[in-house]
Amino acid sequence: MSNSIWKITGFLPYIIVAFLNAFTDLGHKIIIQNTIFKMYDDQTQIILTAIVNALILLPFIMLFSPSGFLSDKYSKAKIMRYAALVAVVITLGITLAYYMGAFELAFGLTFILAVQSAIYSPAKYGYIKELVGNNYLTLGNGIIQAVTTVAILGGIFVYSVLFEYFLQGVSYNTTQDILLAVAPVGWILVFGSLIELALAYSLPDTGVQTNNAFNIKKYYTGAYLRKNLRILSKNSIIFNSIIGLSVFWSVSQVVLASFPAYAKETLEISNTILVQGMMALAGIGIVIGSIVAGKVSKSYIETGTIPLGALGITLSLFLLPQLSSMTLLALNFTAFGFFAGLFIVPLNALLQFNAGKNELGLIIAGNNFIQNVAMISFLILTVVFASLGLSSISLFYMMFVVAFIGAIYVIRHIPQSMVIFLLATLISRRIKLDVKGLNNIPQEGGVLLLGNHISWLDWALIQMAMPRRVRYVMDRAIYEKWFLKIFLDFFNVIPISARSVKDA
């Protein structure tokens, strides 16, 4: 195993490919969203923004089974190459739509670009585990999350600046006028896709694939969907990770769809650079949070940041509608992103670690499916509530309630993680944790861990390094000491003695 993730062959080109993929996808979305922002107000703006986001999410729902099947059957590197080639064709079509001033066509091509992303995504994220292995899994996810977020931030900033630059001094009354003015931006989308395609051909083939065949009848009758959902739900760690990620991204979608209207109505901001820039600060926070999550989990998966992140996200949402100062709002968006990074990076790592080798693409596609069903459901509710006249501030408070319930769920299901994280923080002042051989731990089924017991801390060190839940066995005489029992019950310790082995 390489002693640095950056020395792994293909990792750097992979990171650049992921960056360009997110940067290009985001660019077209920003052009469409900014056009909507310039032409529409109030509830109409919220509804159209929500529809754009829904068009991006819908393919991930429709193509759950095919995208997972393709990612597991064929080389993930090969899928990324073909997807990059398709992206070049689509961005050329988008550029043509800009030069025609055809807003409806450009709007519709958002969906086509999302179809390409839906097929691309399981291969892109499944490739992390195949490329870096389990020991670098959290660090790899932290880097890819940070890089993707930087790409999104760069896309928001660059395309918003270009949008305002080409629109400067232009008199516009329709969406056609706006698209004709900003049409040259389309060539940047094409150029990014071409570089991505060139780099995709330098990715090493990991050789992980299956001989499965796809049955179209099982797809359209829903047989694949039912089977694949059963696979997702059989592993509680995978399923809970997906639920946690789904709640976070659903809440984020509503906040992103509602904030432009809030900024225009309440804060009286009409410049798209300021509006997009404010939301981009959440992305900067995600970058910082992802790097921190990756750093504390350099050679293992640290789950203690998950409840910490959930609580931070909840607090940030509570404060959002109460702040009117631009400085405080900026700090709050940054904090929201930081805690999000602490939350989503270890959840993605757990998802990938616990997925079987031949089901990795399916699990990631299933994660996309459930996340996007949740997000599109939240966006539909956003459209409904906006149509009924509900304000953006009311939507923010509703998202706080959802996040609060989600945080309680997380803390209830993994309360030990926070304790272990705090304990690890204290221990790390004296002891450096270096985990080796994580690839030897089976990802499913039973495993017996026998510590060599050279100190009273070996139980904590084992749990700190283990991405799976550990159940401890302890001598009943020690377990029944009154000053230890409450603490030991919290960790579900199993007491054992010579006379009660069967009960244990």
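Visitor: Which residues in α4 meet which residues in α7?

Guide: In this predicted model, Tyr98, Tyr99 and Met100 of α4 are in contact with Gln176, Leu179 and Leu180 of α7. By class, five of the residues in this contact are nonpolar, one is polar and none is charged.

Visitor: What makes Phe248 and Phe343 an aromatic pair, and what makes the pair tilted?

Guide: Ring centres must lie within 6.5 Å to pair, and those of Phe248 and Phe343 are 6.4 Å apart. Planes under 30 degrees apart would count as stacked and those over 60 as edge-to-face. The planes here are at 55°, and the pair is tilted. By this rule the count comes to 14 aromatic pairs.

Visitor: Why is the pair of Phe248 and Phe343 said to tie parts together?

Guide: Phe248 belongs to helix α11 (residues 236–265) and Phe343 to helix α14 (residues 326–353), so the pair links parts that are 95 residues apart in sequence. Ring pairs also join Phe248, Trp249, Phe336 and Phe343 into a cluster.

Visitor: How do you know whether Phe248 is buried or exposed?

Guide: Buried means under 20% relative accessible area. Phe248 has 5% and is therefore buried. Phe343, at 5% relative accessibility, counts as buried by that rule.

Visitor: Why is the pair of Phe400 and Phe404 given its class?

Guide: The ring centres of Phe400 and Phe404 are 6.2 Å apart and their planes are at 35°, so this pair is tilted. Both residues lie in helix α16 (residues 392–413), where being four residues apart separates them by about one helical turn.

Visitor: What makes Phe404 partly exposed?

Guide: The term covers values between 20% and 50%. The relative accessible area of Phe404 is 44%, so this residue is partly exposed.

Visitor: How do you know that Lys73 lies over the face of Tyr74?

Guide: The charged atom must be within 6 Å of the ring centre and within 35 degrees of the ring normal. Lys73 is at 5.5 Å from the ring centre of Tyr74 and lies over its face.

Notes
Residues numbered from 1 in each chain as written. Predicted model: local features only at pLDDT ≥ 70, side-chain atom pairs only at ≥ 80, totals over all residues. Heavy atoms only, no water. Contact = heavy atoms within 4.5 Å. Helix = DSSP H or I, 4+ residues; strand = E, 2+ residues; numbered from the N terminus. Nonpolar A, V, L, I, M, F, W, Y, C, P; charged D, E, K, R; others polar. Phe/Tyr/Trp six-rings, centres within 6.5 Å; stacked < 30°, edge-to-face > 60°. Buried < 20%, exposed > 50% of the residue type's maximum accessible area, 1.4 Å probe, protein only.
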